[in-house]
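This report describes how some parts of one protein model pack together. The sequence and structure come first.

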Amino acid sequence: MVGTQATKAPPSLLYMVKQVELVVRSHLDELVKPAGITALQYTSLTVLERHDGLSAAQLARDSFVTAQSMADLVRSLENRGLVRRERNPRNRRELLILLTDEGREVLGRFADAVRELEERMVKDLTSHQTDQFRQALSKAWHALS
């Protein structure tokens, strides 16, 4: 066909979501590097900030990592004094992971920079579009969970 171009299919949503995830993780890793933690460790701390006292299995699910990865991650955070483990009073065999004051301080230190990163990510969206984006991501997550 002379003079016409084949239209390319847009990238898949899965590909685009992965692109966003990778660039966010890269920026987040750079932001929290001064604290000696990774983006995954930071994410786990934010999960505990919202739901303190989770089991390792619950924290792994909410932080999007495997149970084995979470065991290593918690050990590292505990060694740094950012989390502590204590027995669950309702189930003595279970250990709960709790945020320490030092962990809260780390989160506070990076809260503004992380908020600025999120704002930068959606700067070309209206507030209504940002709300719709958040809802769409939540629905997509629930559909696959």
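In this predicted model, the buried residues of α3 pack against α2, β1 (54-55), α4 and β3. The buried residues in α3 are L59, A60 and S63. They lie on the same side of α3, because the arc they cover around the axis is only 100°. After α3 comes F64, which has a positive phi near 65°.

L59 also belongs to the largest nonpolar core, where I37, L45, L59 and V83 have the most contacts inside the core. This core has 24 residues. Two or more of its residues come from each of α1, α2, α3 (56-63), α4 (67-79), β3 (91-99) and α5 (101-121). The largest share, five residues, is given by α2. Leaving aside residues up to four places away in sequence, L45 touches I37, L77, L82, V83, L99, V106 and L107.

α2 also packs with α1, at an angle of about 85° and with the axes 8 Å apart. An angle from 65 to 115 degrees counts as roughly perpendicular, so α1 is roughly perpendicular to α2. The table lists the two helices and their residues in the contact.

| Helix | Residue range | Residues in the contact |
|---|---|---|
| α1 | residues 13-32 | R25, L28, D29 and V32 |
| α2 | residues 39-50 | A39, L40, Y42 and T43 |

By class, five residues of this contact are nonpolar, one is polar and two are charged.

Terms used:
Residues are numbered from 1 along each chain as its sequence is written. This is a predicted model: local features need pLDDT of at least 70, side-chain atom pairs count only at pLDDT 80 or more; totals for chains, interfaces and linings use all residues. Side-chain values use heavy atoms; hydrogens and water are left out. Axes are lines fitted to C-alpha atoms, for helices over the stretch in contact, and angles run from 0 to 180 degrees between N-to-C directions. Helices (H or I, at least four residues) and strands (E, at least two) are DSSP runs, numbered from the N terminus. Angles under 35 degrees count as roughly parallel, over 145 as roughly antiparallel, 65 to 115 as roughly perpendicular and the rest as oblique. Contact means heavy atoms within 4.5 Å. Ala, Val, Leu, Ile, Met, Phe, Trp, Tyr, Cys and Pro count as nonpolar, Asp, Glu, Lys and Arg as charged, and the others, Gly among them, as polar. A nonpolar core is a set of buried Ala, Val, Leu, Ile, Met, Phe, Trp, Tyr and Cys residues joined through side-chain atoms within 4.5 Å. Buried means under 20% relative accessible area, exposed over 50%, partly exposed in between (1.4 Å probe, protein chains only). The arc is that of the directions from the helix axis to the C-beta atoms.
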